[in-house]
Structures are given as structure tokens and as C-alpha cells.
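Please keep the sequence and the model side by side as you go through them.

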Amino acid sequence: MSADDSAGNNLVSVDFEISGHVQGVCFRMYTEREGLRLGLVGWVKNTFRGTVVGQVQGPADMVEEMKVWLSKEGSPSSRITRASFTNQRKIDKLELSGFKTRF
């Protein structure tokens, strides 16, 4: 991500929760890789409910691409039944750095 992108007006942040067979299938690792590949920042973690939650920030078009990946693709062994995206908002600058798995 260039300095222009992180200082631009086109940055967004969105929270997500993914349901289905998404734990024990490397979903977090693949989410981290995909986020980094798209030049995004964020975090991902498992919940006690058996879902995966997180937040993604970056250029709006790349965040949209990540939302499609989270809803339709995921890790090779995952089976996604529901993807929920909430709190999508424009941001002036990135509020996170890197893409990390939280525990």
C-alpha cells in the first residue's frame, strides 16, 4: 500500500464474522495471507461460538475483494455458510498495522 493510499479518502474499515466449518481448517492463516496479498491491515480470531471474527482496513476496492473472498472462498477445507459484515465506515487513515491472528 502506498503512502497515497493510506493518506487518501478512499480508506474503509469493516468488521466481519464468518460461520460454517471455519475452525480447525486454517481459516485464520489463509485470511491473514489473503489480507496481506491484497495490501490490507487487520486481525482475525476464533470465537467460542465456532465462528471466525475480525476487522479489515484498507482501500475500499481491496476491502470489497476481501469481503468476497471471506464470503465465498476462505481456506481450502472450509465450508462457509454465512458471512456477516458490520460497522463499515470510511476512515481518514489506517488504525491498525499488519495483519495478525489474535488469540
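1. A residue is called buried when its relative accessible area is under 20%, exposed when it is over 50%, and partly exposed in between, using a 1.4 Å probe and protein chains only. By that rule Lys 67 is buried, because its relative accessible area is 15%.

2. Please bear in mind that this is a predicted model, in which local features need pLDDT of at least 70 and side-chain atom pairs count only at pLDDT 80 or more, while totals for chains, interfaces and linings use all residues. Residues are numbered from 1 along each chain as its sequence is written, and side-chain values use heavy atoms, with hydrogens and water left out.

3. Lys 67 has its place in helix H3, where helices are DSSP runs of H or I with at least four residues, strands are runs of E with at least two, and both are numbered from the N terminus. Leaving aside residues up to four places away in sequence, Lys 67 touches Val 14, Phe 85 and Gln 88, contact meaning heavy atoms within 4.5 Å.

4. The charged end of Lys 67 sits over the ring of Phe 85, 5.3 Å from its centre; this requires NZ of Lys or CZ of Arg to be within 6 Å of the ring centre and within 35 degrees of the ring normal. Arg 33 likewise lies over the face of Tyr 30, at 5.5 Å from the ring centre.

5. Besides Lys 67, the buried residues of H3 include Ala 60, Val 63 and Trp 69. After H3 comes Gly 74, which has a positive phi, near 65°.
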